[in-house]
Amino acid sequence: MKLFDSFSTNFKDIDEDQINIYTCGPTVYDYIHIGNARPLILADTLVRYFDHKKIKYKYLLNITDIDDKIINKAIDLNITEDELVDKYKNAFLKNLNDLNIKTPSNIVAISSKIGEIINFIDVLIEKGYAYIVDGSVYFDISKVKNEYGKLSKQQLENLWTGVRVDLEKNKKNQGDFALWKKTDIGKNWLSKWSLGRPGWHTECALMIDHFFSETIDIHIGGIDLKFPHHENERVQYLAKNEKEIAKLWMHNGHLSIENVKMSKSLGNIITVNEFLEKYNLNTLRYIFLSSNYRQPLNISIDVINQAIEWNKKVFNLLKTSNWKLAIKEINQRNQIPIDEDLVPFNYMDKFNSYMEDDLNTPMVITLLDEMMKNLNSQIKDSCLDLCMSEFKSILDCIGFKYHIKQLTDKDIKKLNLWKKALTKKDYIKADKLRKELIESEII
Ligand SMILES: Nc1ncnc2c1ncn2[C@@H]1O[C@H](COP(=O)(O)OP(=O)(O)OP(=O)(O)O)[C@@H](O)[C@H]1O
Ligand SMILES: [Zn+2]
């Protein structure tokens, strides 16, 4: 399988027996928006494909439950940070389920790893990469001069133009970032340096160091995290372990609305909950999968309508084939074994080759369109089961989920009566039955 590595800007082969994956999770101070869902759906598409190919993987997703944003919001609302975090962590987990995102192998909140973070920072101080100022600990980026900026392809001296940096005084270099922040505001923990809390960039570096004994295979996150967050994660891991944190970096492009990046701070967000109230998970899947994950994506009513129309087509085909196959089964016309040579297409092979080409899901959508066209018209009756099962397993593999009614014996009886009425040209009876079948969402 070939994936684009946004560090080397080359395609790389992924062929290990077990793939270790990490995605930077949300800061749980609010509901997630559909932009935040893009990296999660990207990771989900990847691991679903690994499942399909029976490739083993370990996928870790962190939850940032310690952060300034959490502290400030809890103060504003006059509630405890724990109350705030619980509410939004649960909402986040529910959203994963609502979006049909497979539960990662591990979901870990950083507050459960404070002891490990302190030890991690200690090693960086001992090795001379971090220094203490008045109870806070900073990473000294001048110690990794030759490495810093490599991921985001920037010159050290140009890095800070237009980027918001920590305002702490006494830092040796402008770009030095806090590993441990001394603070008496909000929740804090006792370390040998001060009462304080860890910095965000250290959380992810620690998680990867702690859960995986070696360089991970794939690190996933939105493109906005490339600098400084991922740059900072990388140099910490490099400083501690003298090796790369990840073999391959996957960065998704931004989701924008009216051509402006969807972001909480700009207030132009659509939360996952809001989106799902109006539309459904398949609408969002289609929107993301029909465009290349690396490209920016602008959401508009046209894009949403296109997704709705496409899903209607799929749903209708699934419904029609469901009752057609049910009748066929009951009539036992299906006793003739399926001759696989009769199946005129190679859908699964095509699907696999598109997915292995850096998750080329737009081509998979085109393939599904081609399948729908054939299934709706030309496919030989004897191939219907086989082709439909391929169609369904592709949909399932890329995370679509449709609710098709399970037909009862009574439903099938009615279908047969309808068919008989048609054969006998008893159109009044046929029409009545057809109406009933439509009403009960069978056809
Ligand atoms: N508009 C977007 N399009 C795609 N991915 C995004 C977008 N906004 C955030 N992300 C990604 O979502 C994940 C969580 O991001 P983060 O924790 O920074 O969210 P946030 O604080 O809610 O962001 P923001 O304030 O920008 O809305 C990251 O991988 C980030 O890159
Ligand atoms: Zn991270």
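Modeller: L359 sits in the loop between α10 (347-355) and α11 (361-376). The helices named here are DSSP runs of H or I with at least four residues, strands are runs of E with at least two, and both are numbered from the N terminus. This is a predicted model, in which local features need pLDDT of at least 70 and side-chain atom pairs count only at pLDDT 80 or more, while totals for chains, interfaces and linings use all residues. Residues are numbered from 1 along each chain as its sequence is written, chains are lettered from A and ligands numbered from 1 in the order in which they are written, and side-chain values use heavy atoms, with hydrogens and water left out.

Biologist: Why is L359 called buried?

Modeller: Buried means under 20% relative accessible area, exposed means over 50%, and partly exposed lies in between (1.4 Å probe, protein chains only). L359 has a relative accessibility of 3%, so it counts as buried. The backbone of L359 also has a positive phi, near 50 degrees, in a residue other than glycine.

Biologist: Which other residue has a positive phi, and why is E242 called exposed?

Modeller: E242 has phi near 55 degrees, again a positive value in a residue other than glycine. Its relative accessibility is 62%, and therefore E242 counts as exposed. E242 belongs to the loop between α6 and β12 (246-252).

Biologist: What makes N241 partly exposed?

Modeller: N241 is a residue of helix α6. Its relative accessibility is 23%, so N241 falls in the partly exposed class.

Biologist: What is the omega angle of the peptide bond between F227 and P228?

Modeller: Omega is about 0 degrees, and the bond joining F227 and P228 is cis. P228 lies in helix α6.

Biologist: Which protein atoms are the donors of the zinc ion (ligand 2)?

Modeller: Donors are N, O and S atoms within 2.8 Å of the metal (3.2 Å for Na, K and Ca); water is not among the atoms, so sites may look incomplete. The zinc ion (ligand 2) has C24 (SG), C204 (SG), H229 (NE2) and E233 (OE) as protein donors, at 2.1 to 2.2 Å. Their spacing in sequence is C-x179-C-x24-H-x3-E.

Biologist: Why is the arrangement around the zinc ion (ligand 2) called irregular?

Modeller: Four donors count as tetrahedral if all angles lie between 85 and 135 degrees; four count as square planar, and six as octahedral, if opposite donors are over 155 degrees apart and all others between 65 and 115; anything else is irregular. The angles subtended by the four donor atoms at the zinc ion (ligand 2) run from 82 to 126 degrees, and the arrangement is therefore irregular. Ideal angles for four tetrahedral donors are 109.5 degrees.

Biologist: What makes I63 buried, and which residues does I63 touch?

Modeller: I63 has a relative accessible area of 2%, so it is buried. I63 lies in strand β4 (residues 56-63). A contact requires heavy atoms within 4.5 Å. Not counting residues up to four places away in sequence, I63 touches P26, V28, K89, F92, L93, I107, V108, A109 and I110.

Biologist: Why is E147 called partly exposed, and which residues are in contact with E147?

Modeller: The relative accessibility of E147 is 22%, so E147 counts as partly exposed. E147 is in the loop between β7 (136-139) and β8 (177-182). Leaving aside neighbours within four places in sequence, E147 is in contact with E231, R234, V235 and L238. E147 and V235 are 88 residues apart along the chain, yet their C-alpha atoms are separated by 7.2 Å.

Biologist: What makes N273 partly exposed?

Modeller: N273 has a relative accessible area of 25%, so it is partly exposed. N273 lies in helix α7 (residues 272-278), and its contacts, not counting residues up to four places away in sequence, are Y31, N95 and D98.

Biologist: How many helices and strands does the protein have, and what share of its residues is buried?

Modeller: The protein has 14 helices and 15 strands. Buried residues make up 52% of its 443 residues.
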